[in-house]
Amino acid sequence: MATTLYVNGAHHQVDADPETPLLWVLRDHLGLTGTKYGCGVAQCGACTVHVDGSPRRSCVTPLRRVEGAAVTTIEGAEGRIAEALRAAWIDLQVPQCGFCQAGQLMSAVALLKAVPKPDDADIDRGMNGNLCRCATYTRIRAAIHQAARAVK
Amino acid sequence: MSVALLIVAVTLAAPSPPEPPPPEELNDPGHFADLADEETRAKALFGEVAKVLLHPRCANCHPATPRPLQLDARRPHIPWVVRGKDGEGAPGLTCDTCHGETNYLQQPGAPHWHLAPAEMAWVGKTPGEVCRQLKDPARNGGRTLEAVHQHLAEDPLVAYGWRAPAHLQPAPGSQERLAALFRAWIEAGAHCPQ
């Protein structure tokens with residue numbers, strides 16, 4: 001059954017069961033492998049994408065739920081906030097193994113859109129759902145602060 | 001036994017996820033009809049209503065702290081999420097980041113998934129305390145009892161209590177029976193148990 005998806009500014013026809021997790025559609029059907037599989041049960045945040053501008057765990061989002069919506073993955077993250085975060089991430093060398101970082105960045109973009117100048121508590125509350133087995137949390141927090149300062 | 005057969009045997013013997021025990025029974029209003037004294041009847045009816053309100057499917061999202069509970073074990077929600085403004089979670093980690101408008105796989109979902117405000121916290125309270133809270137407009141969202149009844153009878157998020165994923169115990173009875181009990185309680189004078 002074909003479903004029309006709008007991902008990173010482009011329309012796609014996907015022939016998949018509407019109950020398929022969005023994560024598998026992104027990775028296996030569209031080849032967008034920046035979005036990672038971590039736990040499959042919304043416990044780690046590695047699969048975070050944006051749906052109509054809001055963060056969603058793609059592992060627990062059925063394909064049927066995003067038909068007609070605008071999906072943004074790490075490959076399509078753009079704009080002043082995303083660019084400031086990307087620069088801060090590189091400047092502070094945030095990733096270690098890097099597996100969780102796409103999800104971390106997508107959550108960070110959502111956080112800064114909602115709270116342009118977050119304090120530590122805002123960052124902790126907004127990023128709590130994104131786990132990092134390398135424990136890069138202090139660098140993530142510092143990079144979010146740096147990006148917030150850089151966004152005019 | 002070959003390795004392949006051993007694998008098949010172990011796979012077949014693997015336990016399936018435990019199913020929750022059946023929910024507690026919820027009596028209908030007629031069960032209390034023999035209680036001639038209205039106040040006594042009202043208190044008994046609310047005790048029945050409270051079986052639903054204090055069940056994990058309802059009370060987990062009426063937490064006493066900013067953090068909701070989850071599962072039948074009423075453990076603190078993992079990931080660590082907070083009520084936030086309007087009960088919809090913190091910016092960057094709102095409830096709808098993980099909870100959709102319907103259940104999906106084992107993920108619970110219902111329209112407008114959110115936490116009750118702090119003044120509507122039920123966890124740790126007795127049926128009498130919850131009853132007095134529900135009658136107090138300062139702690140029931142400014143609702144009349146009719147409006148509370150409507151919320152219990154019609155809100156799709158309340159309906160989730162009986163439509164949880166299979167690994168979670170549903171609330172006792174049904175939404176229809178809860179609404180009937182609440183209606184009977186109002187008609188009996190809306191008295192609260194101690």
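A residue is counted as buried here if 20 or more other C-beta atoms lie within 10 Å of its own. By that criterion, 32% of the 194 residues of chain B are buried. The model is predicted.

**Overall architecture of chain B**

- Chain B contains seven helices and four strands.
- A box of roughly 75 × 45 × 25 Å, taken along the principal axes, holds the C-alpha atoms of chain B.
- Among the contacts in chain B with a separation of 6 or more, 63% link residues 24 or more positions apart.

**The sheet of chain A**

- Chain A has an open sheet of five strands in the order 2-1-5-3-4, and the pairing is mixed.
- Strand 2 and strand 4 (54–57) of chain A form the edges, each pairing on one side only.
- From one strand to the next, the twist averages 40°.
- Strands of a sheet pair through backbone hydrogen bonds, in either a parallel or an antiparallel manner.
- Strand 1 and strand 2 of chain A run antiparallel and are joined by six bridges; within this pairing, A:Tyr6 has A:His11 in strand 2 as its bridge partner.
- Two residues lie between the strands in the hairpin of strand 1 and strand 2 of chain A, where A:Asn8 adopts a positive phi near 50°.
- Strand 3 (residues 48–51) and strand 4 of chain A are also antiparallel, with four bridges between them; opposite A:Arg56 in strand 4 stands A:Val49.
- Helix 3 of chain A lies across strand 3 and strand 4 of chain A, at about 40° to strand 3.

**Nonpolar cores**

- The largest nonpolar core comprises 46 residues, and A:Leu85, A:Leu105, A:Val109 and A:Ile144 have the most contacts inside it.
- Two or more residues of this core come from each of strand 1 (2–7), helix 1, helix 2 (80–91), helix 3, helix 4 and helix 5 of chain A.
- Helix 3 of chain A supplies the largest share of this core, eight residues.
- Domain 1 (2–76) and domain 2 (80–150) of chain A each contribute at least three residues to this core.
- Leaving aside residues up to four places away in sequence, A:Leu105 touches A:Ile74, A:Ala77, A:Leu85 and A:Trp89.
- Another core, of 23 residues, lies apart from the largest one and includes B:Cys131, B:Leu134, B:Leu152 and B:Ala188.

**Contact between chains A and B**

- The contact between the chains involves 17 residues of chain B and 21 residues of chain A.
- On the chain B side, the residues in contact with chain A are 11 nonpolar, five polar and one charged.
- Helix 4 (residues 120–127) of chain A has four named buried residues: A:Ile123, A:Arg125, A:Gly126 and A:Met127.
- The cover over the buried residues of helix 4 of chain A draws on both chains, including helix 3 (101–114) and helix 5 (137–150) of chain A as well as strand 3 (89–90) and strand 4 (93–94) of chain B.

**An exposed residue, A:Glu19**

- A:Glu19 is found in the loop between strand 2 (10–15) and helix 1 (22–29) of chain A.
- A:Glu19 counts as exposed because 11 other C-beta atoms lie within 10 Å, and the limit for an exposed residue is 12 or fewer.
- Not counting residues up to four places away in sequence, A:Glu19 touches A:Pro62 and A:Arg64.
- A:Pro95 is 76 residues from A:Glu19 along the chain, and their C-alpha atoms are separated by 33 Å.

**A buried residue, B:Ala50**

- B:Ala50 belongs to helix 2 (residues 38–53) of chain B.
- B:Ala50 counts as buried because 23 other C-beta atoms lie within 10 Å, where 20 or more are required.
- B:Ala50 is in contact with B:Pro127 and B:Val130, not counting residues up to four places away in sequence.
- B:Thr126 is 76 residues from B:Ala50 in sequence, yet the C-alpha atoms of B:Ala50 and B:Thr126 are 8.6 Å apart in space.

Conventions. Residues are numbered from 1 along each chain as its sequence is written. Chains are lettered from A and ligands numbered from 1 in the order in which they are written. This is a predicted model: local features need pLDDT of at least 70, side-chain atom pairs count only at pLDDT 80 or more; totals for chains, interfaces and linings use all residues. Two residues are in contact if their C-beta atoms, placed from the backbone, lie within 7 Å. Ala, Val, Leu, Ile, Met, Phe, Trp, Tyr, Cys and Pro count as nonpolar, Asp, Glu, Lys and Arg as charged, and the others, Gly among them, as polar. Two strands pair if DSSP finds at least two bridges between them. Axes are lines fitted to C-alpha atoms, for helices over the stretch in contact, and angles run from 0 to 180 degrees between N-to-C directions. A nonpolar core is a set of buried Ala, Val, Leu, Ile, Met, Phe, Trp, Tyr and Cys residues joined through C-beta atoms within 7 Å. Domain bounds come from an automatic or database domain assignment.
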